[in-house]
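Student: Please take me closely through the strand pairing of this model and the loops that go with it. I would like one connected account.

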Amino acid sequence: SVWATNQSSKILSKINIVTGARVDYSSEFGATGAIFDNVTNSVWVTNIYPKIVNKVDIFTGTKIDYLVEAYSWGIAFDNVTNSVWVTNQDTKSVRKVNIFTGAWIDYPVGILPWGVAFDNVTNSVWVANTLSYTISKVDIVTGARVDYAVGLNPYYIAFDNITNSVWVSNAGSNTVSKVDIFTGT
């Protein structure tokens, strides 16, 4: 299945990739991102209104809400520490949320963190800091952080395990940056 958030209609859609059949589940106004968690067989959804993260069972649609008190846009699943990582634009941080308990820890990043990607090669999450013009590499265990300059207004970021890189869209520069995960080049 493919899962899609419908930000203004308060619907989370599950779409069968073979038949195209769609099942809709109730969501929140402002659902912005979704990520699959193969450990608990759930889809996690970020919501900007209210400031919660939903954990949705992929078979039943049963939903558990976790208050994260964050204006969250990006979300990534980390199967090493069994966490989801959520950008927190209010506090300039990335929030690590335990997939079993909902307990969370914040790690500081740059200004207006938007996208986040999990990197299972260096056991890091990478965060696009839109108004800092940087990306942050955050160690998933220690929280240690290194920042790298990219183009203007980086929004989304993706991990590429073929070239050991992250790819960043720079909206203000009309460019994409490819950054080596080991050297930051």
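**Strands and their loops**

Tutor: Strand 1 and strand 2 form an antiparallel pair with five bridges between them. Here, strands (E, at least two residues) and helices (H or I, at least four) are DSSP runs numbered from the N terminus, and two strands pair if DSSP finds at least two bridges between them. The model is predicted, so local features need pLDDT of at least 70 and side-chain atom pairs count only at pLDDT 80 or more, while totals for chains, interfaces and linings use all residues. Residues are numbered from 1 along each chain as its sequence is written, and side-chain values use heavy atoms, leaving out hydrogens and water.

Within this pair, Val 2 has Ile 15 of strand 2 as its bridge partner. The two strands belong to an open sheet of three strands in the order 1-2-3, with antiparallel pairing. Its edges are strand 1 (2-6) and strand 3; each has a single partner strand, so one side of each lacks a neighbour in the sheet. From one strand to the next the twist averages 25 degrees; axes are lines fitted to C-alpha atoms (for helices, over the stretch in contact), with angles from 0 to 180 degrees between N-to-C directions.

Val 2 also takes part in a nonpolar surface patch of about 330 Å², together with Ile 17 and Val 18. Patches consist of residues with over 30% relative accessible area and no salt bridge, nonpolar side chains (Val, Leu, Ile, Met, Phe, Trp, Tyr) being joined within 5 Å and like charges within 9 Å. A salt bridge is a side-chain nitrogen of Lys or Arg within 4 Å of a carboxyl oxygen of Asp or Glu, and areas come from the Shrake-Rupley method with a 1.4 Å probe, only the protein chains shown counting as cover for residues. Val 18 sits in the loop between strand 2 (11-15) and strand 3 (22-26) and is exposed at 74% relative accessibility (exposed is over 50%, buried under 20%, partly exposed in between; 1.4 Å probe, protein chains only).

A second open sheet has four strands in the order 12-13-14-15, paired antiparallel. Strand 12 (113-119) and strand 15 (145-149) are its edges, each pairing on one side only, and the twist averages 20 degrees from one strand to the next. Strand 13 and strand 14 are joined by six bridges, with Trp 126 opposite Lys 137 of strand 14. The loop between strand 13 (124-129) and strand 14 (134-139) holds Thr 130, which is buried at 1% relative accessibility. Beyond residues up to four places away in sequence, Thr 130 touches Ile 111, Leu 112, Trp 114, Asn 153, Pro 154 and Tyr 155; contact means heavy atoms within 4.5 Å.

Leu 112 lies in the loop between strand 11 (104-108) and strand 12 and is partly exposed at 23%. Its phi is positive, about 55 degrees, although it is not a glycine. Most residues other than glycine have a negative phi.

Asn 164 likewise has a positive phi, near 50 degrees. This residue belongs to the hairpin of strand 16 and strand 17, which has four residues between the strands. Those strands pair in the antiparallel sense over five bridges, and Asp 160 stands opposite Ser 165 in strand 17. Asn 164 is partly exposed, at 23%. Its contacts, leaving aside residues up to four places away in sequence, are Val 121, Val 179, Asp 180, Ile 181 and Phe 182. Asn 164 and Asp 119 are 45 residues apart in sequence, with 8.8 Å between their C-alpha atoms.
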